[in-house]
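Student: I'm new to this one and would like to learn how to read it. Could you walk me through a few features?

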Amino acid sequence: MEPRAASRPISGERFCLLEVNMSTKEQYTDSFLYRLRHSTAHVMAQAVLDKFPGAKIAIGPAIEDGFYYDFDLPRPLTPEDLEEIEARMRQIINGKHPFIRRSVSASEARQIFKNQDFKLELIQGLESGGFDEDGNPLEGNVEITTYTHDTFTDLCRGPHVEHTGQINPEAFKLMSVAGAYWRGDEHRPMLQRIYGTVWENKEDLQEYLRRLEEAKKRDHRRLGRELDLFSVNDEIGPGLILWHPKGGKIRKIIEDFWGDEHEQNGYEFIYTPHIGRAALWETSGHLVSYRENMYSPIEIEGQQFYLKPMNCPFHIHIYKSRGRSYRELPMRLAEKGTVYRFERSGVLHGLMRVRGFTQDDAHHFCTPEQMPQEIDFVVNFSLHILRSFGFQDIKAYLATMPKDAIGEADQWQAAQNALKESLERIHLPYEVDEGGGAFYGPKIDLKVKDAIQREWQLSTIQFDFNLPERFDLTYIAEDGQQHRPYMIHRALLGSLERFFGVLIEHYGGAFPVWLAPVQASIIPIADRHLDYAFEVMKKLKAYGIRASVDDRNERMNAKIRDAQNQKIPYMLVIGDKEVENRQVALRLRSGENPGPIELDAFIARAQQDIADKK
RNA sequence: GCCCUCAUAGCUCAGUCGGUAGAGCACGUUCUUGGUAAGAACGGGGUCAUGGGUUCAAGUCCCAUUGAGGGCUCCA
């Protein structure tokens, strides 16, 4: 019904490889590493059963970077349990037990797993056709196979390594315990899931653990506090963001850039209220299909108003405020619209998943004939915006007609073709997410890879066959008749909160100069250099460079250290020599130390870096 | 919402067997005016998340609530 990027799952953290990239996934499934991980999961299951003989085992697949196995256990696991299980796993590994595959009938399988309720349910499923781990039905008759090593037998399609000795006892680690519903269904039993990681050798394991550390250092929640960018306050409420002055500065730079680019590209800016009458949300259909994400109504003089979860109905009413001619189309209405959505408490996460956020929203209204060029435009525009912020690795996902779709099939086909042809014209790599569209229209999502190769969804470009009908949108065409316009929802950054979170993690807090809240820290060595330091600051500010003087009673070394920790791009040290020569001694946050240069030379350099968006 | 874990100074954390609160950083004052990642001394700062309970006595044990973290589910 409108751009949803802000409430997308946080991809790129753990499972993105399995979720998104089929060709990579197939390669992975065939690899030794995959078999190693799957086999380690079996070894872990044996160790758990040795410790808890009555345990029920569920499923235990290999995942990106490791594996997990789900268990129903008599009590919650403790960290000490994990250590014991690890120790037992090493014993099993040292036994070099071969993995033996057997093909069995369903009744044999039932006999083998007669005490394993979850396995019996899986056998039932395999008999009646079967599904793969993504929930897609399997073709033809399914062969039921088991794998046995040592004393442990699992219902399993394989493949596995040859024997447990191929698992390097120095290269695996049990990472955490988490709750997980049986078959992912919240109405079914909650199991205990043990996550583990395993690699071919100790060095790879260490490299993986180092990568986790690196990701932790980039965590936007930590950097948000350390760099004084934003906070969340208990008394105000969860999922509600306070933008501090430095975060606010960055937001303003983003918004100004966004505004200029939109202005130059045919958008018009609108502003709309935060609440609307119940009747509006009835017309739009939100009260039927989006109610669970909307907050309770506010009663005003006996009438009910709702806080807006989306901007579209307001934008539509601007379109509808008078009769429209084809001559006005395409019409591009943009707003940084702040919306509020109920999100369950367990899903909130820093800036990435919040309850109040601002979308960089826009709605395009166009004639059917204009649709292809409108799509071309918006995809290109989106790429331009994302690239400006330093995201170079961008991939598209085309989501097509789902089962519960509304609208005519040929309408869908035309829209999907337009999206697809556009992606091909632009030579943007894409994958098709069959049936993944919204019920009201197909869409293109753009995902970017960050500096440490995690994928994040930012832009979303969606067709809507629903709202123009519901609100009875029309325009008068050349033939003098009323026609229904096409409507596109789009958000390029997604939401400013989430985009900021991604930006923080992408740069690890070291924002490019054009975005840095403080671009230059002026560091006088002694108090007698203060006058010149403030003079330098004044001049830099006059040239649009964000500079401040560190006039604290600290030694230069401490000021440099603090500026480094704040990831300020330029440090300008000022001592006797600089005052005398009217220079500044430049130091960069990279640690490079170009030394004394003329103030004008520094200004030219900074302006160039800013212009280049470095 | 569900499972597990956690909540002590602004931040990071210590606090033994239940016996009345600690460190480093940050902050303030003073001294120091130092040339490329932490100068020194002194000082202020805590209803131990909130509400109950057990106990002669609770930061510590129990229950509930709120919030956070890791997952699950959800995000047409």
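Student: Let me start with a cysteine: does C366 count as buried or exposed?

Tutor: C366 counts as buried, because its relative accessibility is 0%. Buried means under 20% relative accessible area, exposed means over 50%, and partly exposed is in between, using a 1.4 Å probe and protein chains only. Before we go on, this is a predicted model, where local features need pLDDT of at least 70, side-chain atom pairs count only at pLDDT 80 or more, and totals for chains, interfaces and linings use all residues. Residues are numbered from 1 along each chain as its sequence is written, chains are lettered from A and ligands numbered from 1 in the order in which they are written, and side-chain values use heavy atoms, leaving out hydrogens and water.

Student: How many disulfides does a search of the whole structure find?

Tutor: A disulfide is a covalent bond between the sulfur atoms of two cysteines. Here the test is a pair of cysteine sulfur atoms within 2.5 Å, and the search of the whole structure finds 0. C366 is in no disulfide, and its nearest cysteine sulfur, that of C312, is 16 Å away.

Student: Which residues does H42 touch?

Tutor: Contact means heavy atoms within 4.5 Å. Leaving out residues up to four places away in sequence, H42 touches F99, Y147, H149, F152, D154, C156 and H160. H42 sits in helix α3 (residues 32–51), and with a relative accessible area of 1% it is buried. Helices (H or I, at least four residues) and strands (E, at least two) are DSSP runs, numbered from the N terminus.

Student: How far apart are H42 and Y147 in sequence and in space?

Tutor: They are 105 residues apart in sequence, and 9.0 Å apart in space from C-alpha to C-alpha.

Student: What describes two packed helices?

Tutor: The angle between their axes and the distance between the axes. Axes are lines fitted to C-alpha atoms, for helices over the stretch in contact, and angles run from 0 to 180 degrees between N-to-C directions. Take α13 (residues 371–388) and α14 (residues 409–426): their axes come within 9 Å and cross at roughly 45°. The two are therefore oblique to each other; angles under 35 degrees count as roughly parallel, over 145 as roughly antiparallel, 65 to 115 as roughly perpendicular, and the rest as oblique.

Student: Which residues of α13 and α14 make the contact?

Tutor: On the α13 side, M371, P372, I375, D376, V379, N380 and L383. On the α14 side, A414, A415, A418, L419, S422, L423, R425 and I426. By class, the contact of α13 with α14 has 11 nonpolar, 2 polar and 2 charged residues. Ala, Val, Leu, Ile, Met, Phe, Trp, Tyr, Cys and Pro count as nonpolar, Asp, Glu, Lys and Arg as charged, and the others, Gly among them, as polar.

Student: At what angle do α9 and α13 pack?

Tutor: Helix α9 (residues 245–264) packs with α13 at about 150°, with their axes 12 Å apart. That makes α9 roughly antiparallel to α13.

Student: What about phi and peptide bonds?

Tutor: Most residues other than glycine have a negative phi, and most peptide bonds are trans. D65 has a positive phi, near 70°. D65 lies in the loop between β2 (62–63) and β3 (66–72), and at 13% relative accessibility it counts as buried. The peptide bond from L329 to P330 is cis, with omega near -5°.
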